[in-house]
Amino acid sequence: MAEIVLIHGAWVTTASWDGFRRPFEEAGHVVHTPTWPFLAGKTPAEINRDPPRGFGSLTVGKIADHLQPQIPQGAILIGHSFGGLLTQMLLDRGSGRAGIAVNPVPIGGVVPGPTSIGAILPIVTRWNGWNRPYAFTRERWHRRFANGASRALSDAAYDSFVIPAPGKVFYQAASWIGTRVDPQRRIAPLLITGSDK
């Protein structure tokens, strides 16, 4: 039996892991789904209606600081998107014995592709966007994030667990500030997956 920590990315709550975690739990593994700062105990509807004060200016480093004490010793980390970047950062800090980064946000020093750049341009070109949360419309969620899903599945996800994202993390990803990791120093094994849909 293993302890597994599922780290969500931007624009979603831990409920996004519900279907993914079940097979692990049914196999007897213990699965943890910690959330980012400011989100604990809040429903997606509450977060969408009134994003927590300070959430928009939340940094990647503060998210990693918040998650690190919640990771059991020897856990396997699995993160998606920004959660994949956080997985790599946490492994660099010595948390977790192995990791999987599912379609991670590029680490500092890696130039993102045109799809990634197109997705963050509306966020980083807003006035004072580094201090404000950014919310997807239903249509933009389907075109830019759930682009491999049917419209019905995309809409169901949007209604169930989609929330705004902190604007500052996108500025950090675009400028490589606070998103660097040192793969040559890492001891823990890491699997990275990538795809366009």
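Let's start with R21, which counts as buried at 18% relative accessibility, because the cut-off for buried is under 20%. Keep in mind that you are looking at a predicted model. The side chain of R21 meets that of E25 in a salt bridge, with 2.7 Å from N to O. Both residues sit in helix 1 (residues 18-26), and they are four residues apart, about one turn of the helix. What about E25 itself? Its relative accessible area is 34%, so E25 is partly exposed.

Let's look at a couple of others. Find R185 and D92, whose side chains meet in a salt bridge at 3.9 Å, N to O. Here distant parts of the chain are linked: R185 is in the loop between helix 8 and strand 7 (190-193), while D92 belongs to helix 4 (residues 82-92), and the two are 93 residues apart. D92 has a relative accessibility of 14%, so it counts as buried.

Next, move to R151 and E139, another pair joined by a salt bridge, this time at 2.8 Å from N to O. R151 is in helix 7 and E139 in helix 6, twelve residues apart, and this pair too links distant parts of the chain. Are these two buried or partly exposed? R151 has a relative accessible area of 33%, so it is partly exposed. E139 is at 37% relative accessibility, so it also counts as partly exposed.

The axes of helix 5 (residues 114-124) and helix 8 (residues 167-175) come within 10 Å and cross at roughly 125 degrees. The two helices are therefore oblique to each other. Helix 5 passes helix 8 in a left-handed crossing. If you want to pick out the contact, helix 5 brings I120, I123 and V124, and helix 8 brings G167, F170, Y171 and A174. What kinds of residues make up this contact? Six are nonpolar, one is polar and none is charged.

Finally, here are two spots where the backbone does something to look out for. F38 has a phi near 80 degrees, a positive value in a residue other than glycine. You can find F38 in the loop between strand 2 (30-32) and helix 2. F38 has 38% relative accessibility, so it counts as partly exposed. S81 also has a positive phi, about 60 degrees, although it is not a glycine. Look for S81 in the loop between strand 3 (76-80) and helix 4. With a relative accessible area of 13%, S81 is buried. So both residues have a positive phi and lie in loops, but F38 is partly exposed whereas S81 is buried.

Definitions and conventions: Residues are numbered from 1 along each chain as its sequence is written. This is a predicted model: local features need pLDDT of at least 70, side-chain atom pairs count only at pLDDT 80 or more; totals for chains, interfaces and linings use all residues. Side-chain values use heavy atoms; hydrogens and water are left out. Axes are lines fitted to C-alpha atoms, for helices over the stretch in contact, and angles run from 0 to 180 degrees between N-to-C directions. Angles under 35 degrees count as roughly parallel, over 145 as roughly antiparallel, 65 to 115 as roughly perpendicular and the rest as oblique. A crossing is left-handed if the near helix is turned anticlockwise from the far one by less than a right angle, and right-handed if clockwise. Contact means heavy atoms within 4.5 Å. Ala, Val, Leu, Ile, Met, Phe, Trp, Tyr, Cys and Pro count as nonpolar, Asp, Glu, Lys and Arg as charged, and the others, Gly among them, as polar. A salt bridge is a side-chain nitrogen of Lys or Arg within 4 Å of a carboxyl oxygen of Asp or Glu. Buried means under 20% relative accessible area, exposed over 50%, partly exposed in between (1.4 Å probe, protein chains only).
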